[in-house]
Amino acid sequence: MHDPSHDAHIHLDFFDDPESFARDAESRCMSLFACSVLPEGFKRIATTCKDLKNVHAGLGIHPWWVADAHLHDFDDCFDRTRWIGEVGLDFSPRRPHHDLQMQVFEHVARRCSESGNKIMSIHSIRSASSVMRVLDQTGCLHNNICIFHWFSGSTDDLWLAIRAGCYFSINERQTQTKRAREQLKLIPVDRLLLETDLPPQHNPQTTIDDVIDSLETARASLEGIRSQALEDQLTKNWLKLLSSMS
Ligand SMILES: [Zn+2]
């Protein structure tokens, strides 16, 4: 068995020393979709990891941080990367600014639709239908790769996303509820990716071994749920995604 080929959603901007973590990942042949929660995080990763080919610096405005975001910062960085994340919506009652979240996500989706050729990592807690509506109405689904990070919506919304060609990045914690386990059987095998969503914001002590353990646990759970070996397929999916970029 090999180390996992990728982490499709990791918060490199939460590490104290992102470059040293990224070098550890490089030594294990792992590439990273380094999501940021604000454009400052993107700039930090894009600068500190600029020489590392395994780091794909994502430009994000996370729905929890919309009140701190400036769209002109996002726009200024937009052409510097094809990786957009973490973006999306979170309509949990304890997450405020729903209108502002919508405005920001619509802006992000419109920009991606205008440019095309982006790979997006999308947060959609209690909001999968609204996320799908925005992606559809802006035209974003046609010329970008949309990855649902930690999908937790309804099965109807899952089908909409599957039919629209979306990918799904799966983490260890996501495989634990009964509904999620049922849904994870429905996703076409060529749309599955692995992620960790690590490190936790206030505990950046995560090591490469923690990340690899978490990815392997997610893969093993997914293999159990689907009764199929997935290692080669997941690597293939990731490589296909990388090669889709012109
Ligand atoms: Zn995240």
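**Exercise 1. How many bridges join strand 1 to strand 2, and which residue is the bridge partner of Asp 7?**

Step 1. Three bridges join strand 1 to strand 2. The two strands run parallel. Strands here are DSSP runs (E, at least two residues), helices are runs of H or I (at least four residues), and both are numbered from the N terminus. Two strands pair if DSSP finds at least two bridges between them.

Step 2. Find Asp 7. Its bridge partner in strand 2 is Leu 32.

Step 3. Widen the view. An open sheet of three strands has the order 1-2-3, with parallel pairing. Strand 1 (6–10) and strand 3 are the edge strands, each pairing on one side only. From one strand to the next, the twist averages 15°. Axes are lines fitted to C-alpha atoms (for helices, over the stretch in contact), and angles run from 0 to 180 degrees between N-to-C directions.

A note on the model: it is predicted, so local features need pLDDT of at least 70 and side-chain atom pairs count only at pLDDT 80 or more, while totals for chains, interfaces and linings use all residues. Residues are numbered from 1 along each chain as its sequence is written.

**Exercise 2. Which residues of helix 1 are buried, and what do they pack against?**

Step 1. Apply the cut-offs. A residue is buried if 20 or more other C-beta atoms lie within 10 Å of its own, exposed if 12 or fewer, and partly exposed in between; C-beta atoms are placed from the backbone.

Step 2. List the buried residues of helix 1 (residues 18–27). They are Pro 18, Phe 21, Ala 22 and Ala 25. Seen down the helix axis, these buried residues fall within an arc of 100°, so they line one face of helix 1. The arc is that of the directions from the axis to the C-beta atoms.

Step 3. Turn to the other side of helix 1. Ser 20 and Ser 27 are exposed there.

Step 4. Find the packing partners. The buried residues pack against strand 2 (31–34), helix 2 (39–48), strand 3 (55–57) and helix 9 (208–226). Two residues are in contact if their C-beta atoms, placed from the backbone, lie within 7 Å.

Step 5. Look just past the helix. Cys 29 takes a positive phi of about 60°.

**Exercise 3. What is the order of the five-stranded sheet, and how many residues of strand 4 are buried?**

Step 1. The order is 4-5-6-7-8, with parallel pairing in an open sheet. Its edge strands are strand 4 (83–90) and strand 8 (192–194), each pairing on one side only. Neighbouring strands are turned by 30° against each other on average, direction ignored.

Step 2. Six bridges join strand 4 to strand 5 (residues 119–125). Ile 84 stands opposite Met 120 in strand 5. Asp 90 has Ile 125 as its bridge partner there.

Step 3. Eight of the eight residues of strand 4 are buried, so strand 4 is largely enclosed by the rest of the structure.

**Exercise 4. Which residues touch the most other members of the largest nonpolar core?**

Step 1. Define the core. It is a set of buried Ala, Val, Leu, Ile, Met, Phe, Trp, Tyr and Cys residues joined through C-beta atoms within 7 Å.

Step 2. The largest has 67 residues, and Ile 147 and Phe 168 touch the most other members.

Step 3. Check Ile 147. Leaving aside neighbours within four places in sequence, its contacts include Ala 8, Met 120, Phe 168 and Leu 193.
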